[in-house]
Amino acid sequence: MSESVLERAARSTPPDVAHKITGLSDRAIAWIFVAPTIVLLLAINIFPLIWTIYLSFTNYRVNRPNRDVDFIGLRNYERILTDNDIWITMQATANFLVWTIILQVLIGFSLAYLINKKFKGNDLWTTIIVLPMMLSPAVVGNFWTFLYQPQIGLFNYIIGFFTGADPSSFTMIGEVSLAPWAIVIVDTWMWTPFVMLICLAGLRSIPDSIYEAAECDRASKWRQFWTITIPMVLPFLMLAVLFRGIENFKMFDLVVQLTGGGPGSTTELTSINLKREAFEKWRTGYASAYAVILFVTVFGLASIYVKALNKVKER
Amino acid sequence: MQSKFLNSAAILGLTVGSCLFGSAAAKAEDLTLCWAAWDPANALVELSKDFEAKSGHNMSFEFVPWPNFADRMLNELNSGGKLCDLMIGDSQWIGGAAENGHYVKLNDFFEKEGISMDDFIPATVTGYSEWPKNTPNYWALPAYADVVGWTYRKDWFERPELQKEFMEKYGYKLDAPETLEQLKQIGEFFQGREIDGKTVYGAAIYTERGSEGITMGVTNALYNYGFKYEDPNKPYELEGFVNSPEAVAGLEYYKSLYDCCTPPGSSDWYMSEDIDAYKSGQVAMQMNFAFIWPGVEADPNVGGGKSGYFSNPKGPGGHFAQLGGQGISVVSYSSKQDAALEYIKWFAQPEIQQKWWDAGGAPAFRAVVEAPDFAKSQPFAQTFLDSMAIVKDFWAEPAYADLLLAMQSRVHNYVIAEQGTAKEALDSLVKDWDEVFEDEGKK
């Protein structure tokens, strides 16, 4: 068995070199290097998390420093889990997640598949396609609110041109049935290129020799696609889904700019709802409980998903 | 010897001079006044130059756009920030600012300086200064009197062909409406009409969901149909008042006004969107706070006599309009409270209040607004007076944000998103508000 570079380096380093230089043991030196990171991690991640969990059992309000803080047990959790409006918000978030991921994966993969073919100007097309994801979400949101304007917006005009409908007869961000689709369309427009790039990396990682062997075995293009391309790209696709899922679960700026969560509560996603509870209504304890519930949900779902992803990679 | 004497004299002179200069410099402060970024704030900057000249203090200004104003400034107050020495905060903040110790109580100062609250319009004193309401505990000096009113395209209303058509259709003269029902009919009359080759709409009204917009709009219908915040005889008793049959009718009216008479896409509009729609000739009428009126008059498209003004029309249950405006307070975290109080003393002077009106501000000072020539001083002055006489304000409780956002959500869900009925929306609002008051220990 050949020796790795790391193993060779470890063997050639005297075991107590640090001790000879500083008078400290290797373990102590290691702690000195790692300690600042651990302290920082505790200070900015672990402590706030524990503090949030503590606050979630109280009626604390950050804007009411003079009021007594009472321990109210699970009341905040009970209120949240029995609040119909919060379930509607969760449902809106789930719908947004599902539809954006479906559309972005389908379109992103299709674009990657096309771009991966060798044709003149595909680099230029790649650059053009990835432009939207380079823009700020706030700018994109603002830009699309104009496109969606019933009287002056290009989007309504194009829909009207193709369907014969009066452009001012519908308002994408003002109607309950259309507003969720308005944000799905914008998010898809903006982030499909990201999925495309990941898929493109996956497609380009497949060695040509596999396809050449499949050609020798007289496998049809369709069969090559299903038995080679899809399984080889699947881990990349799943990674893209994970990234987009996490990003869209915390989606805030784009939706605030586009619809502000409306009309009514149609597009009020959990992140917007949580912000309103925490920093507009200033119900700190309640919002902490809300944040804990979201954290557990995302952590649980992400853990299951990562396990599935690892299994796919192992195949 | 002589040079020694001269040196000593010079040193003495320098010492005395530096002491005198030093004491003068210690008096001069850099004061920061925080407010919203809007036209009146610019007028105040100009006005404040007089204070700088007279007091020797320097004024800085921190203005935040309206959509972020509450977030930014309440964060500042809640964190005990020292950015603002003077705050022109929204009227709803008074309760929270008083109870949480953000503002300096001004009673002793007013008494010492001879500043009387009787000199200000009573509704603005209650709205901007008092906490608890209707008690002589003052946390602000009324600074900017504002109220929701209406602007209309007088030049369109006066067209003979439209006058004729309207008279034939409705049986009365096309003019500024006196009732909410007339307002809706006029809105319907203009909705989708072609004027000068352009499709126009009835009215721009408040529909904004994120901050306070739709609440500031819908209350102008609710109050006038009979909505009350609570039982007048039993504070915090909401059932049967907030969701009374009259209040339900008021909410249904506002929705019908939105459905019949507003431009497409106006589902999230507040002050600036309404102004834009009006100035660009999209709508015949505009609901907005009175602060925009000087800007309307000055606008080349709609000013110079093309616009008229009317107060919120009466409804079957009364005649009210939503109060806007703010008071000026001294921030308790400021280390320059004495200089800040000097500013308030200067601002409370009758001649400064008059200059404030002349500069485009809206004083709540009675000697200015009740002067014989005030009503004719601007085309909108009479409407301003009429409107200020019928004001009613939203809760100013410390938990006003909870109350406001609950109303925003319930009303927007019904009016714009068409979810449920008006009765269900107001029943849910009662439930939300009851919960807030229970949390506050007030029920």
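Analyst: **Starting from one residue**

Ile32(A) is partly exposed, with a relative accessible area of 49%; buried means under 20%, exposed over 50% and partly exposed in between, with a 1.4 Å probe and protein chains only. This is a predicted model, in which local features need pLDDT of at least 70 and side-chain atom pairs count only at pLDDT 80 or more, while totals for chains, interfaces and linings use all residues. Residues are numbered from 1 along each chain as its sequence is written, chains are lettered from A and ligands numbered from 1 in the order in which they are written, and side-chain values use heavy atoms, leaving out hydrogens and water.

You can find Ile32(A) in helix H3 of chain A, which covers residues 26–55. Helices (H or I, at least four residues) and strands (E, at least two) are DSSP runs, numbered from the N terminus. Val298(A) lies 266 residues away from Ile32(A) in sequence, and their C-alpha atoms are 34 Å apart.

Now step back to the chain that holds this residue. Chain A has 14 helices and 0 strands. The C-alpha trace of chain A spans about 80 × 75 × 30 Å along its principal axes. Of the 315 residues in chain A, 39% are buried.

Most residues other than glycine have a negative phi, and most peptide bonds are trans. The bond joining Gly262(A) and Pro263(A) is cis, with omega of about 0 degrees. Pro263(A) sits in the loop between helix H12 (253–258) and helix H13 (270–279) of chain A. Arg218(A) is not a glycine, yet it has a positive phi of about 60 degrees. Look for Arg218(A) in the loop between helix H10 (208–216) and helix H11 (221–249) of chain A; with 78% relative accessibility, Arg218(A) is exposed. Another residue other than glycine with a positive phi is Trp282(A), at a value near 60 degrees. Trp282(A) lies in the loop between H13 and helix H14 (284–314) of chain A, and its 5% relative accessibility makes it buried.

In all, 32 residues of chain A are in contact with 31 residues of chain B, where contact means heavy atoms within 4.5 Å. The two chains bury about 2,500 Å² between them, with 35% of it on carbon and sulfur atoms. Arg64(A), Gln151(A) and Trp282(A) supply 20% of the area that chain A buries against chain B, more than any other three residues. Buried area is the accessible area (1.4 Å probe) that two parts lose on being put together, summed over both.

Chain B holds 19 helices and 12 strands. Its radius of gyration is 25 Å, close to the 22 Å that the globule rule gives for 443 residues, so chain B is as compact as a globular protein of that length. Buried residues account for 56% of the 443 residues in chain B.

Helix H9 of chain B (residues 180–190) is largely enclosed by the rest of the structure, because 8 of its 11 residues are buried. Those buried residues include Leu183(B), Ile186(B) and Phe189(B). Just after H9(B) comes Gly192(B), with a positive phi of about 75 degrees.

Glu52(B), in helix H2 (residues 39–55) of chain B, is partly exposed at 26% relative accessibility. Not counting residues up to four places away in sequence, Glu52(B) touches His57(B), Asn58(B) and Met59(B). Finally, chain B has a cis peptide bond from Trp131(B) to Pro132(B), with omega near -10 degrees. Pro132(B) is in the loop between helix H6 (122–129) and strand E4 (141–144) of chain B.

Note on methods. Rg over C-alpha atoms; globule rule 2.2 N^0.38 Å.
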